Amino acid sequence: MREGPALLAACAASLVIAAIGLQLWDAPSLSVPWAYDQDALSLLMGFKGIADHGWIWTNGSLGAPAGQQLYDFGSLGPDNLHWAIAWIVSRFTDQPGAIYNVFLLITFPLTAAAGYLSLRWLDVQRGAACAVAIAYAVIPFHFFRGLNGHLLLADYAVIPLGVFLAVCVILRRPLFERGWRSATTMRTLVICVLIASSGIYYAAFVVVLLAIAVLATRLERDDRNATLLNGMGALAAIVFVLILNLLPTVLYHRAHGANDLTGQRDADESLKFGLSLIEQVLPAPEHRFAPFRRLADEYWGVRPLDSEGDPWGGTLSVLGLLVLAASLCVALVGGVAGRFLTDRRLRATALVGLTATLLGATGAGGAFVSFVLNPSLRAWNRISVVIVFCALVAVAIALEAIGRRLRHRAGAYAAVLVAVVVFAAWDQTGSASRPDYAKLERAWNGDATFVKNINKTIGDRGMVYQLPYMEFPETAPVNGMGDYQPFRGPLHAPASMRWSYGAMKGRPADFQVAADLLPLATQLRAAALAGFDGVWLDRVGYTGTGAREVRELAQITGAPLQRSATGTLVFADLRPLRRRLMATRTPAEQAAVTAALLQPLGVDYGAQITGPAHDAHGRVTRRLQGSGTITLTNPQQQARTVRLTVTPDADVALTLDGQALGTLTAGDPGDIAFTVQPGEHMLGLTTRGVRPVTLLDPVVEDSALAALDDAAG
């Protein structure tokens, strides 16, 4: 069998098994994505942005009116290979669901090809390499990530290539030869570029594996400097390409400053998202084999931590782990062992697998990195794909040994290989590998119909104000509204429509973080005057299913409400409200409202003023102890009038930058207007006595917006 046909067979077989696992014959349409929630929504929007606007970094359809910029999301750069694949697919279809599904399907043959080539480069026999590459391409991890929104992690094709590099360093095989044009050098450089462009996690895993491989070989007395240069050269190449991929973020931060609100991680997250070693060997709870299923249920029924799913790689991987453990034991304690367990490739792979295990295990190497060095990388359980491939390398070497015994019985050996592939397909797929096509179709088509009706109402160039406000990216649910749910609108809209959600938090474009503090009526009126043509309201983002907010929406806009098929999404036309407001306001007043909304006054309460709470009547309260400050930041280039409204239960004296403003009287609704120049200023509040003062309904807002509070609309 020649190399090409074997490689093609591995790719084709993996795709066929994937189609069977996904049960593609039940799929209603390729345009309906096989994941449509939370992280999947973000990725779908990224694919649509690439199709509509050319690449991932900017999207004029989101974060209206300023537009979305993703440079603060530095981890996007190391995924450039994935964005390139999405861009290529988008040349054939602009449907984000189709891009998502085709991308997932492509990852199966890509992984099989990478696994096959890596094994062949390690001198594994063709048939064994082909069978194991197929098995690795269809492990449960692949389906789980693809169907749960972590599509980019489902493309783990670079993992076999990274393991290959590390094993070569340990075996002292050259990764570079004299002359940049040599086949070995070019192969290594291409591998390094692919690793550094397929996600920050996989690149980090390979960097650690290579570093440990270099250290291990240097500790041997007979090591030569060539080994050090070999491994360090690969490390340098990966790091160099990583830096190039991160360059857009680095340059953006140099020009605009760092953003402390994005990419923040807590070190203790590494414990939650660490690798549970028992989960690496226990079968999935949905396994086809009843005894396996019962065994898994005993564990999963009492599982203490909710991590990122099951890292189990299949029964073959468990057998491979046993082989690796036996090989390590023989290497450590010596003794009589056959040719198989003393295979240098097996021992080198065992060292790589052990390194990955010690790095990923809960409370081990990954936790050390998070607590001592940097918590940015938290989900060390994802290294399970490295452990699985190392285990399957052991299976491949075992199959190779069987092949040597059956060298005169080619038919029997071929039957063994086919049986391995069939068993892997049966063992590693099941109910969990099939999307819920009916549910996905209902949700996708329902949202598409709703957005189509919105499009008919306000036109292709309409601008939509989305409620309730949700930070972007990565935030906790807002009541029942999960992360990235506001993308359900723009995903189905033409590129010329603009939506308020998606502005980067911590940047001026995210004006809604301040607008969210305003009364709903004020937001709607200001949004209408600022040019928003309609308002999208997700009822699950409010307490009580948003009944009160929907009534207020109808009352303020005076427009008929449109509802989605499920009734959870509501849309109202803001243009009639805008016409009424414009009829009673001068152009200067309208411009002042727009500036106040889109360039909000920064309001930061000091430590002596507690966070907002609610009293028995549902009113917002804050507590002031002695003296406190409110930092006011005016981002506009001109002075603006600001109004403070609050009802204190004791007298409160006010100062602005040390200058007296007046005194708020206990029990009386305070309403004090003052001028704030551009830049940062300090509003001081001082009380008499020692007891804390309750501030009822404290609001600091631009007077142009405050005037809307008094308007009847």
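Student: Hi! Where does A616 lie, in terms of the strands β9 and β10?

Tutor: Hello! In this predicted model, A616 lies in the loop that links β9 (613-614) to β10 (620-624).

Student: And is A616 buried or exposed?

Tutor: A616 is exposed, and its relative accessible area is 81%.

Student: What separates the C-alpha atoms of A616 and L215?

Tutor: Those two C-alpha atoms are separated by 64 Å. Along the chain, A616 and L215 are 401 residues apart.

Student: OK, zooming out. What box do the C-alpha atoms of the chain fill?

Tutor: Taken along the principal axes, the box is roughly 95 × 55 × 55 Å. The chain has 713 residues, and 53% of them count as buried.

Student: How many helices and strands are there in the chain?

Tutor: You'll find 26 helices and 17 strands.

Student: Of the contacts between residues at least 6 apart in sequence, what share joins residues at least 24 apart?

Tutor: That share is 77% for this chain.

Student: Let's pick a sheet. What is the strand order in the open sheet of five strands?

Tutor: The order is β4-β3-β5-β7-β6, and the pairing is mixed. At the edges are β4 (498-499) and β6 (562-563), each of which pairs on one side only.

Student: Which way do β6 and β7 run, parallel or antiparallel?

Tutor: They run antiparallel, with two bridges joining β6 to β7, residues 569-573.

Student: Now β3. How many of its residues are buried?

Tutor: Five of the five residues in β3 (463-467) are buried, so the strand is mostly covered, taking buried as under 20% relative accessible area.

Student: Which residues point which way from β3?

Tutor: M463, Y465 and L467 point one way, while V464 and Q466 point the other way. All of these are buried, on both sides of the strand.

Student: How many bridges does β3 make with β4, and in what sense do they pair?

Tutor: There are two bridges, and β3 and β4 pair in the parallel sense. In that pairing, M463 stands opposite R498 of β4.

Student: And with β5, how many bridges?

Tutor: Four, again in the parallel sense, between β3 and β5 (residues 534-538). Look for Y465, which stands opposite V535 in β5.

Student: Last topic, charges. How many positive and negative side chains does the chain have?

Tutor: The chain has 58 positive and 56 negative side chains. The centres of the two sets lie 9 Å apart.

Student: And what does the accessible surface of the chain come to?

Tutor: It comes to about 30,300 Å², and 60% of that belongs to carbon and sulfur atoms.

Notes: Residues numbered from 1 in each chain as written. Predicted model: local features only at pLDDT ≥ 70, side-chain atom pairs only at ≥ 80, totals over all residues. Heavy atoms only, no water. Buried < 20%, exposed > 50% of the residue type's maximum accessible area, 1.4 Å probe, protein only. Contact = heavy atoms within 4.5 Å. Areas by Shrake-Rupley, 256 points an atom, 1.4 Å probe, with all protein chains shown as cover. Lys, Arg positive; Asp, Glu negative; His and termini not counted. Charge placed at Lys NZ, Arg CZ, Asp CG, Glu CD. Pairing = 2+ DSSP bridges.
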